[in-house]
Amino acid sequence: MQTASLKPTELTFVSIMGACLFSKFARQVHGQAIKMCFEDCTSVNNAAITMYSNCGDIDSARLVFNRLQEKDIVSWNAIIASYAQEDSSHEAMLAYLQMQRNEIEPDEFTIGSLLASSDMVEAVEMIQAVVVKKALISKVEVSNALLSAFCKNGETEQASKVFNGMESRNLISWNSMISGFLLNGSPFCALHQFSTLLVQGWRPNHYTLSLVLSVCASISDLRYGKQVHAYLLRFGYFFRTLLGNALIALYSKCGDLTWSLRVFENMTEKDSISWNSIISAYAQHGEGEEAIRWFEAMRYSSEVTPDKATFTAILSACSRSGLVSEGIRLFDLMVNGYGIDPEADHFSCIVDLLGRAGFLDIAAGLMKDRGFGIEPSVWWSLLSSCAAHGHLQLGCIAAEFLIETGKDDPAFYVVLSNLYANAGKWEESAKLRELMKKCGVVKQPGSSWIAS
C-alpha cells in the first residue's frame, strides 16, 4: 500500500492493529500511526490498547489508555478486557470504578470482562447487582458470564439460580452449568443437567459431549460413557478429535485399555493430546513397554511432535514399570534432543523412578544439580522412596523441607515418624508424634468405599 503511494486511513490502522500479535511489530505500527497524526484518534488508540494486550504488553496498553484524551465506552472496555486477560481482577475493578466516576454506563462487554476476571464471590455478587440494576440480566451473554463466574468461584448453587431464572438460554448456558458441576466435584448433578438438556429437546454439540465424557471418566461410569459414545456415533460426531481424546481417557480410567486403543486407531485425525492420551493410558495400566512403543511411533509420525505433556506421560510409564535405563534415556532425549526444560512433573517422575529402583543418591544428585526452586512434589517423591528403602539421612532432609513448606499436611510427619521407627529411632519417632499434637496436625483415619 505504501509502495503504491496510498495514504493509510484510520480504518487501515485499526485493521492492522487487530491482526498484530508481536510486540516489536506492534510498536512499529503504533509509531507509524502517531507519525501519520492519528495520535489523538480515539478508535486508533482503542485498537492500540487491544493490540498491546494481545501481545502481552499490558504496560504499553495502560500507557496508551492513560494518554487518551477522549475515552469512549470502547476505550474502557478495551482496558478492562486487557486486565481481565492478564487475570488482574483488582486492576479491572479499579478501572470499572473509575469508569463509573466518569459517568460512562457499562454494557454487556464491560460486564463480561469483569466477570471473567473476578476471583471472589463478593465481587461477582456486586457485579450481579449492577447487572440487575442496569437491566442487563435479560441479555443471555451476560447471564452466561454470570453463571460461569459463580461456578469458577465454587458457587454452583447461585449459578443454578441464575440459570433457572434466565428468560432465554442457549447451548453455552447448558455447557457452562455442566462444566461448573464437573469442576466443583458434582458429577451426578452434571449428568442430570445433561439429561435435562436432552429431555427439553436441545441438541448437544461436541463440547457438551466432551464435558459429559469427562464427567463419566471422573466417576469411572463406563455404562453411561458407552451410552454417550453410542450417541455421538449415531449423530456423526466421531470425526471430532476432541471427542476421540475424551473417549480414550474415559475407557482408560474405566480399566478398558482395549477400547482406548480401538478408539485411537479409528480416529481420522490425531493431535498431540490423542498421542499423549494413549501413552498415558498404557502408563496408568503399568504397560511401560507398550507406552514406549507408542511414544516411538509418535516420534516417527509426521503428524505431531512430543511436548512437555508427552514426556510427563512416558516418564510416568517408566516410573510405574521400573524401566530405569529407558527413563533416563527419555529424560536425556527430552532435554538434549527436544530442548525441553524439565518442569516439576518431569523431575518428580524421574526422581520417583530412580527412588523406586533404590538409586536414591543419584536422585538426590539430580536434584542438587537443579539447584534452587525444587518443587514440593519432587521432595515428596524422594521422601516416599527413602521410606520404602529405609534411607533415614536423606529422608530427614526431604521431610525437613516438606514440613517447612506444608506444616498442615500430616502425611509428612507420619512418613518421617515411620522412617524413624523402622530405623529403630523410637525416641525421635515419639517426639515427632508429639510435635504433630502441638502443631494441631491430625492424621485422618482411613476409610474404604465399596460399591455394588
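## A tour of the salt bridges, helices and core

Start by showing charged side chains across the chain: the count comes to nine salt bridges, a salt bridge being a side-chain nitrogen of Lys or Arg within 4 Å of a carboxyl oxygen of Asp or Glu. What you have open is a predicted model, in which local features need pLDDT of at least 70 and side-chain atom pairs count only at pLDDT 80 or more, while totals for chains, interfaces and linings use all residues. Residues are numbered from 1 along each chain as its sequence is written, and side-chain values use heavy atoms, with hydrogens and water left out.

**The whole chain**

Zoom out and switch to cartoon view. The protein chain has 26 helices and zero strands; these are DSSP runs numbered from the N terminus, with helices being H or I of at least four residues and strands E of at least two. Along the principal axes, the C-alpha atoms fill a box of roughly 80 × 55 × 55 Å. Now colour by accessibility: of the 452 residues, 46% count as buried. Buried means under 20% relative accessible area, exposed means over 50%, and partly exposed lies in between, with a 1.4 Å probe and protein chains only. Among contacts between residues at least 6 apart in sequence, 59% join residues at least 24 apart, where contact means heavy atoms within 4.5 Å.

Select E105 and K134, whose side chains meet in a salt bridge at 2.7 Å, N to O. This pair links distant parts of the chain, 29 residues apart: E105 sits in the loop between α6 and α7, and K134 in the loop between α8 (121–133) and α9. K134 is partly exposed, at a relative accessible area of 30%.

Next, pick E290 and R293, which form a salt bridge of 3.1 Å, N to O. They are separated by about one helical turn because they lie three residues apart in helix α18 (residues 288–299).

Then move to D352 and R356, joined by a salt bridge of 3.0 Å, N to O. Here the two residues are four apart in helix α21 (residues 344–356), so about one helical turn separates them. Is D352 buried or exposed? With a relative accessibility of 15%, D352 counts as buried. While salt bridges are displayed, also select E296, R299, E326 and R329, which are joined into one network by salt bridges that share partners.

**Stop two: helix α5**

Select residues 73–85. This is helix α5, with 13 residues, and it reaches 18 Å from its first C-alpha to its last, close to the 18 Å expected at 1.5 Å a residue; the expected span is 1.5 Å times one less than the number of residues. Its buried residues are S75, W76, N77, A78, I79, I80, S82, Y83 and A84. What covers them? Bring up α3 (42–54), α4 (58–67), α6 (89–101) and α7 (108–117), which are included in that cover.

At the start of α5, a side-chain oxygen of D72 comes to within 3.1 Å of the backbone nitrogen of V74. Just after the helix, D87 takes a positive phi of about 60 degrees.

Go to N276 in helix α17. N276 is buried, with a relative accessible area of 8%. Its side chain and that of T310 are joined by a polar contact of 2.5 Å. N276 also touches M298, D307, A309 and A313, among others, leaving aside residues up to four places away in sequence.

Stay in α17 (residues 272–284) and select A283, which counts as buried because its relative accessibility is 4%. With residues up to four places away set aside, A283 touches A291, A313, A317 and R320.

**Last stop: the nonpolar core**Finish with the largest nonpolar core, which has 135 residues and in which I279, I314 and L382 have the most contacts. Such a core is a set of buried Ala, Val, Leu, Ile, Met, Phe, Trp, Tyr and Cys residues joined through side-chain atoms within 4.5 Å. Helix α9 (residues 140–152) gives the most to this core, with eight residues. As for the polar contact at stop three, that term is a pair of N or O atoms within 3.5 Å; within protein, one must be able to donate a hydrogen and the other to accept it, and residues adjacent in sequence count only if both atoms are side-chain atoms.
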